[in-house]
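Dear colleague,

I am handing over the structure below, and after it you will find what turned up when the side chains were examined. Please keep it open beside this email as you read.

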Amino acid sequence: MACMKKIIFVLIVFLLFIWRIKKGFYNGMMKEIVTILSGAVSLASVALILFAISSYIAKTMSTLTLCIAGLIVLGAVFKICSLIFRPILALGNFSVIGGFNKIMGAVMGAAEAAILSYLIYYLLDRAGIYVL
């Protein structure tokens with residue numbers, strides 16, 4: 001049974017690496033950075049919204065005000081970042097830069113897969129499911 005867990009875990013990690021490297025190569029480094037940045041902003045926005053809802057229910061208006069201000073600042077920072085990345089993404093269409101961009105995208109995909117694999121391993125270990 002323990003050997004089967006190892007095989008399944010290694011297969012999942014292998015498929016995760018193949019998927020992220022392929023996707024990273026297809027997207028390129030700059031689009032991968034934009035995707036990671038927008039994912040982080042989305043998570044922070046959801047956390048701030050949930051925190052704002054809970055502070056509204058608890059009637060702590062100062063915390064609610066901070067959450068709303070944080071959402072406004074987060075939106076402004078995201079807009080500024082999108083204005084910065086739009087011309088940089090256009091540079092990826094040049095043939096000289098495009099090849100390097102794709103290779104670095106594959107490297108970023110591998111790094112992302114390594115981080116996700118570690119998180120999966122950590123969560124399984126914390127849950128008491130020992131895979132290695």
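Glu32 forms a salt bridge with Arg20, with the closest N and O atoms 2.9 Å apart, where a salt bridge is a side-chain nitrogen of Lys or Arg within 4 Å of a carboxyl oxygen of Asp or Glu. The pair links distant parts of the chain, since Glu32 is in helix α2 (residues 29–57) and Arg20 in helix α1 (residues 2–27), 12 residues apart; helices here are DSSP runs of H or I with at least four residues, numbered from the N terminus.

Before going further, please note that this is a predicted model, in which local features need pLDDT of at least 70 and side-chain atom pairs count only at pLDDT 80 or more, while totals for chains, interfaces and linings use all residues. Residues are numbered from 1 along each chain as its sequence is written, and side-chain values use heavy atoms, with hydrogens and water left out.

Arg20 also meets the side chain of Glu112 in a salt bridge (3.2 Å, N to O), and this pair again links distant parts of the chain, with Glu112 in helix α4 (residues 95–126) and Arg20 in helix α1, 92 residues apart. Glu32 counts as buried at 1% relative accessibility, and Arg20 counts as buried at 7%, whereas Glu112 is partly exposed at 22%; buried means under 20% relative accessible area, exposed over 50%, and partly exposed in between, with a 1.4 Å probe and protein chains only.

Turning to the rings, the structure holds two aromatic pairs. The rings of Phe9 and Tyr121 have centres 6.1 Å apart and planes at 55 degrees, so this pair is tilted. Phe9 lies in helix α1 and Tyr121 in helix α4, so the pair ties together parts that are 112 residues apart in sequence. The rings of Tyr118 and Tyr122 have centres 6.2 Å apart and planes at 25 degrees, so that pair is stacked. Rings of Phe, Tyr and Trp (its six-membered ring) pair if their centres lie within 6.5 Å, and planes under 30 degrees apart count as stacked, over 60 as edge-to-face and the rest as tilted. Tyr118 and Tyr122 both lie in helix α4, four residues apart, about one turn of the helix.

Terms used
Helices (H or I, at least four residues) and strands (E, at least two) are DSSP runs, numbered from the N terminus.
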